[in-house]
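This briefing covers a nonpolar core and the salt bridges of one protein model. Please view the structure alongside the text.

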Amino acid sequence: MCEKHDPLAAIIAAAMPQVAGAVAEPGPRVGAPAAKPQVIKPVINSVRSVLGKEADAQASRRRRLWELGHACHCPLVGVGFPLGVLRKLVDKVTNGKVVADDYEVHVGAVTECGSRNRLSEALQKELERRYAAVLLRFRNAKNTEQVAELWRNAVNAGDVAGAFWAGLTHPRCTSELEEQMCRDLHMVQHQAGACVRADISKFNATLDENKRLTHDLAKAQQRATALMAEKPRTPNGTRRK
């Protein structure tokens, strides 16, 4: 059980003084009239009701970065922060003492997201600021299906960074939806990588075509210059047409 807050332990502790008082009560004196049996009122009628209220309170609050499943941290850091922004945050927290490449910075940030610390708090704050408009849109979702629908719309629109953060931290995001979002983002990143590779191939092909056309144009200009030089001149010095 969690040492910081254990509802069941609190219930038992609150009830113990009354129970102990009842046990320690001295018995009736010989010959004295029988005392009425003492009725001990329960401190809390239903443990389930108390736990239910706490669960409802928890369910109404958005989760923090360090409260998300560890499988969410890598894609969230990857899609949620441009590399320059991530490095800037890491340097700020560490006073610029980190000497690492982009991959090492990413891995280190993902690791730190697993607990509440200076870096994870800085990342949380930046995510809240960067995707504030998307968070407002997701706030209108009242149930899990509405959160899922907003996520699907974001995937179809190709704008997943803010939606991933807003969806994962939404109070109505279930573990099943969280897993589905991670799967969807995984495939989106694959497709994005394929598109980038295709764009690079097209760009390189365009460069090659441009070089060929530039070469052909230069040769055509050379031929035109040569033809102009071969034409005879008129008596006044101009070339014949």
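The notes below treat the core and then the salt bridges.

This is a predicted model, in which local features need pLDDT of at least 70, side-chain atom pairs count only at pLDDT 80 or more, and totals for chains, interfaces and linings use all residues. Residues are numbered from 1 along each chain as its sequence is written, and side-chain values use heavy atoms, with hydrogens and water left out.

**Nonpolar core**

- The largest nonpolar core has 39 residues; such a core is a set of buried Ala, Val, Leu, Ile, Met, Phe, Trp, Tyr and Cys residues joined through side-chain atoms within 4.5 Å.
- Buried means under 20% relative accessible area, exposed over 50%, and partly exposed in between (1.4 Å probe, protein chains only).
- L65, L86, L123, F164 and W165 have the most contacts inside this core.
- Beyond its neighbours within four places in sequence, W165 is in contact (heavy atoms within 4.5 Å) with residues including R62, L65 and E128.

**Salt bridges**

- The whole structure holds 10 salt bridges, each a side-chain nitrogen of Lys or Arg within 4 Å of a carboxyl oxygen of Asp or Glu.
- R62 pairs with E128, with the closest N and O atoms 2.7 Å apart.
- R62 is partly exposed at 26% relative accessible area, and E128 is partly exposed at 24%.
- E126 and R130 form a salt bridge at 3.2 Å, N to O; E126 is buried at 12%, whereas R130 is partly exposed at 31%.
- R183 forms a salt bridge with E179, the closest N and O atoms lying 2.9 Å apart.
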